[in-house]
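The structure is shown below.

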Amino acid sequence: PVARAQSYWYWSSRSQNGNSFAKAVRNYPRPLSRHLQEDPMWRKGWYGPAIASWVQAVDHLYLIVAADYYANQTATVDALLEAWGRRSGKRLLRYEWLHNTTNAHASQAAHANSHRHPKLEDDVTDLADRAALSELYRGSNQQVYRLIREDARLTVLPNGPASGAYDGAFLDAVWDREGR
């Protein structure tokens, strides 16, 4: 989520005139959560409430973590097709063209933003700013992790919550995951 806000900052041309995301974070009055309603930059990556709403609105929600998709598009697409088949009661045939399409997409799938900006950990180096950003998204991230663990209407593909890969880290900022 922090990387999503950073990406939005650079995409939205706010970075013109040399303004960095780090400078924006430093200049926003604390707590950052005061700005959630007034500035869409901070809502980017606020996934907890959005996923909770979708889980309530639909019969079942499948969540695909981007890193998993990038690492193995074929397994992710296969898991999604299998899940749809189970839910619909229909057998979805996996034609060779499906895998060719998936593999073609894998080689073309964007693994980076189309607009250049520094890596998050190189951009935001101030420890107080990092702490403020982590705190801003902590509640939303915890809500997602709780939904994954506790709500049977939400399934993470391709591996599901039983893999242990989704036990409370994939949404956290790089400095929180790596203890920086």
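This is a predicted model: local features need pLDDT of at least 70, side-chain atom pairs count only at pLDDT 80 or more; totals for chains, interfaces and linings use all residues.

Entry 1. I looked up helix 1, residues 2-11, and found it mostly covered, with seven of its ten residues buried. The buried ones are V2, A5, Q6, S7, Y8, W9 and Y10. I then checked what covers them: the list includes helix 2 (21-27), helix 3 (40-43), helix 8 (120-123), helix 9 (127-150) and helix 10 (174-177). Just after helix 1, I found S13 with a positive phi of about 70 degrees.

Entry 2. I turned to the nonpolar cores. The largest has 23 residues, and F21, M41, W42, L133 and W175 have the most contacts inside it. At least two residues of this core come from each of helix 1, helix 2, helix 3, helix 9 and helix 10. Helix 1 gives the largest share, five residues. I also found a second, separate core of 13 residues, which includes A52, V65, Y145 and L147.

Entry 3. Which residues does W42 touch, leaving out those up to four places away in sequence? I listed F21, V25, Y28, L32, H35, L36, L133, L136 and Y137.

Entry 4. I looked up how helix 4, residues 47-57, sits against helix 9. The two pack at an angle of about 35 degrees, and their axes are 7 Å apart. On the helix 4 side I listed Y47, G48, P49, I51 and A52; they meet S140, Q143, V144 and L147 in helix 9. By type, the residues of this contact are six nonpolar, three polar and no charged.

How values were computed:
Residues are numbered from 1 along each chain as its sequence is written. Side-chain values use heavy atoms; hydrogens and water are left out. Buried means under 20% relative accessible area, exposed over 50%, partly exposed in between (1.4 Å probe, protein chains only). Helices (H or I, at least four residues) and strands (E, at least two) are DSSP runs, numbered from the N terminus. Contact means heavy atoms within 4.5 Å. Axes are lines fitted to C-alpha atoms, for helices over the stretch in contact, and angles run from 0 to 180 degrees between N-to-C directions. Ala, Val, Leu, Ile, Met, Phe, Trp, Tyr, Cys and Pro count as nonpolar, Asp, Glu, Lys and Arg as charged, and the others, Gly among them, as polar. A nonpolar core is a set of buried Ala, Val, Leu, Ile, Met, Phe, Trp, Tyr and Cys residues joined through side-chain atoms within 4.5 Å.
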